[in-house]
Amino acid sequence: MKRNIFALLSLLVLASMVLAACGGAPEATEAAPEATEAPAATEEAAATEEAMMGPVGTEPIAFPDGGKSVTGAFDQEPDAVVPYFTQMSYAVWVAQLTLVGLGEWTDDGTFVPELATEIPSADNGGVSADGLTITWKLKEGLYWSDGEPLTSEDVQFTWEFVMDPGNAVSTRSGYDKIASVETPDDYTAVITFSELYPAWPTLFTQGPNNAGAILPKHILEGVTAAETDPFSRWPTVGSGPFVITEWIPGDYMELLPNPNFYKGRAVLDRIQIRFVADSAAALAALQTGDVDFYPNFSEGDIATLESLSPAVVLTVDPGSNFEHYFFNQGRVEGVDGRGVADNEGFCPFKDVRVRKAITLGINRQAIVDALLSGKTTVPVSQWPNSGWTNTNLTVDAYDPEAAAALLDEAGYTLGSDGIRVGDCNGEQVRLSFNFETTTAPIRIDIGTAAQADLAKIGVEFTPIFTPAGTFFGQYVDGGPLTTGNYDMGGYTTGFYPDPYTNSYKCEEIPTAENPSGNNWYHLCDPALSDLIESSLATVDPAERKAILDEAQSYIAENYYVVMMYARANVFGSTPRFQFGATGGDSHMFWQAEAWDIAE
């Protein structure tokens with residue numbers, strides 16, 4: 001899977017700041033088991049009042065006789081839980097349980113305060129008029145699990161820690177745009193940027209797709225080469241609902257409740273995580289009841305999981321990643337002096353009628369229904385299931401008759417072999433081209449289905465299934481996507497946690513002079529390139545939303561990509577495990593304090 005804006009992490013959506021106006025992510029196709037309600041506002045206020053009088057304890061709460069416990073299965077063991085030293089999803093999920101940030105994303109994609117009292121905005125004075133200064137207000141009475149105060153100094157220290165050249169963090173993206181972090185009092189952190197940085201909500205905030213937890217100054221101050229410090233792998237002091245108390249490599253991890261969690265004590269008395277060989281082992285353990293959940297099945301496992309109901313509960317959350325097919329539209333002469341490509345794309349793809357016909361000629365909904373068990377959606381936007389989605393767009397339905405008419409209009413008529421032939425730039429061209437993707441079984445099945453559909457409208461679509469290492473190979477290695485040596489391609493990507501993408505930027509087309517370019521579509525449309533680039537000129541989420549809405553409409557109207565389906569988070573669990581609402585941008589770990597069991 002290719003992730004856009006590698007420097008910007010892997011989460012969701014800055015636009016969650018205006019989610020009430022923009023709309024949240026759609027509900028999951030199959031809902032998770034009903035959760036025990038999170039503490040009511042009055043209960044949280046009471047917990048805060050109690051915390052203001054001092055920490056509740058200094059050690060994780062011991063597991064009582066007959067206590068409530070759940071066990072999960074991970075087939076990857078975290079390499080480091082402090083999120084600045086890992087890009088592993090499993091590690092970041094544990095970080096969500098143990099180390100939290102100033103804000104987080106809910107199951108419907110809303111960006112909400114966590115350690116902070118509110119999300120900064122222009123209206124509440126948290127975002128300056130020039131967009132360069134962000135002021136966060138922390139809740140009063142915050143404590144680390146060991147009873148030490150958690151204050152704005154920890155926010156300032158986190159920035160200094162990340163920027164310390166002696167610490168080999170995985171990325172400093174965004175943090176390196178900060179000029180200063182000031183702490184006028186224990187509850188205020190004033191962050192001043194050296195230049196506009198619209199993705200500021202991804203900093204100092206923790207989610208499943210971004211790593212920005214606040215770090216304890218009293219533990220890590222003075223530590224150098226922190227990537228080698230035991231705390232980075234196993235933080236024994238935390239701010240989340242749980243604390244890691246035991247970790248046997250290759251075997252299991254145990255987490256007990258944090259006595260000083262800002263929302264109050266977690267409902268569960270213990271979480272255990274067993275390390276297993278693979279998803280098959282996790283499924284077997286689910287069937288026997290040895291584990292209560294596994295968070296990382298694939299869409300191809302949906303039918304199997306459904307067949308095991310009610311012993312295994314299936315949850316599917318459409319996410320912001322998406323599988324898409326796209327056309328190589330490289331132009332060796334460029335467009336108005338921009339976007340010169342090394343290789344010319346397939347000539348017919350330069351005609352929007354051909355691109356639209358191919359889109360209408362693939363029965364995408366049937367593919368979702370048959371091969372993905374109807375558990376996800378066919379999106380029209382490349383920002384699906386998020387607050388950035390342009391909800392005014394509608395998905396084109398399968399319409400082979402309309403597709404055939406478009407090809408007739410474009411001058412491509414059926415030949416004796418059933419393949420259409422027409423004139424393109426003065427040459428006779430058959431509508432016959434290769435489609436390249438990886439060897440993933442689900443991609444083979446979907447590619448084969450698309451091939452059969454397109455044959456019905458006189459288009460010869462020939463899938464080539466290439467090992468991922470070769471398919472995603474770099475330019476210097478002759479990778480087909482980067483070099484432009486393909487006709488049509490397909491893979492998964494996603495533009496989040498911030499919506500900006502340079503995948504359409506003319507200047508990002510990979511070439512011998514620019515081998516690291518990120519525009520693998522090899523498309524240069526100056527109007528689109530400049531439109532998306534303009535989304536970086538403001539930190540106002542409403543203004544950015546309007547720009548991105550226009551860009552989505554433009555991409556859809558020009559049929560630059562074929563959106564196949566929104567990728568999904570697929571969980572399996574036992575009926576006893578009540579983990580509540582989940583979402584593509586929050587995963588299942590965002591409200592672990594409310595997890596419960598039903599005996």
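Predicted model: local features only at pLDDT ≥ 70, side-chain atom pairs only at ≥ 80, totals over all residues.
In what order do the strands of the open sheet made of β12, β13 and β14 stand, and is their pairing parallel or antiparallel? The order is β12-β13-β14, and the pairing is antiparallel. The edges are formed by β12, residues 413-414, and β14, residues 427-430; each has a single partner strand, so one side of each has no neighbour in the sheet. Between β12 and β13, the latter spanning residues 420-424, the antiparallel pairing runs over two bridges. Within that pairing, L414 lies opposite R420 of β13.

I turn now to another open sheet of three strands, which is ordered β4-β6-β5 and is likewise described by antiparallel pairing. Here β4 and β5 are the edge strands, each of them pairing on one side only. From one strand to the next, the twist averages 20°. The antiparallel pairing of β4 with β6 extends over five bridges, and T133 is found opposite T192 in β6. Helix α4 packs on this sheet, where it touches β5 and β6, and the direction of α4 makes about 165° with that of β5.

S152 belongs to α4. Is S152 buried or exposed? S152 has a relative accessible area of 1% and is therefore buried, the cut-off being under 20%. Its side chain reaches the backbone oxygen of T188 at 3.3 Å. Leaving aside residues up to four places away in sequence, S152 touches L138, T183, D185, D186, Y187, T188 and A189.

Let me proceed to the nonpolar interior. As a general matter, nonpolar side chains in soluble globular proteins tend to be buried together. In this model, the largest nonpolar core holds 47 residues, and the members touching the most other members are L102, W136, I178, W200 and F204. At least two residues of this core come from each of β4 (133-137), α4 (152-163), β5 (178-185) and β6 (188-193). The largest share, five residues, is supplied by α4.

What does L102 touch, if residues up to four places away in sequence are not counted? The contacts of L102 are P113, E114, L115, A116, W136, L138, V155, F204, T205 and I214. Finally, there is a second, separate core of 44 residues, among them M88, F275, V276 and Y294.

Conventions: Residues numbered from 1 in each chain as written. Heavy atoms only, no water. Core = buried A, V, L, I, M, F, W, Y, C linked by side-chain atoms within 4.5 Å. Buried < 20%, exposed > 50% of the residue type's maximum accessible area, 1.4 Å probe, protein only. Helix = DSSP H or I, 4+ residues; strand = E, 2+ residues; numbered from the N terminus. Contact = heavy atoms within 4.5 Å. Pairing = 2+ DSSP bridges. Axes fitted to C-alpha atoms, helices over the stretch in contact; angles between N-to-C directions. Polar contact = N/O pair within 3.5 Å; in protein donor to acceptor, adjacent residues only side chain to side chain.
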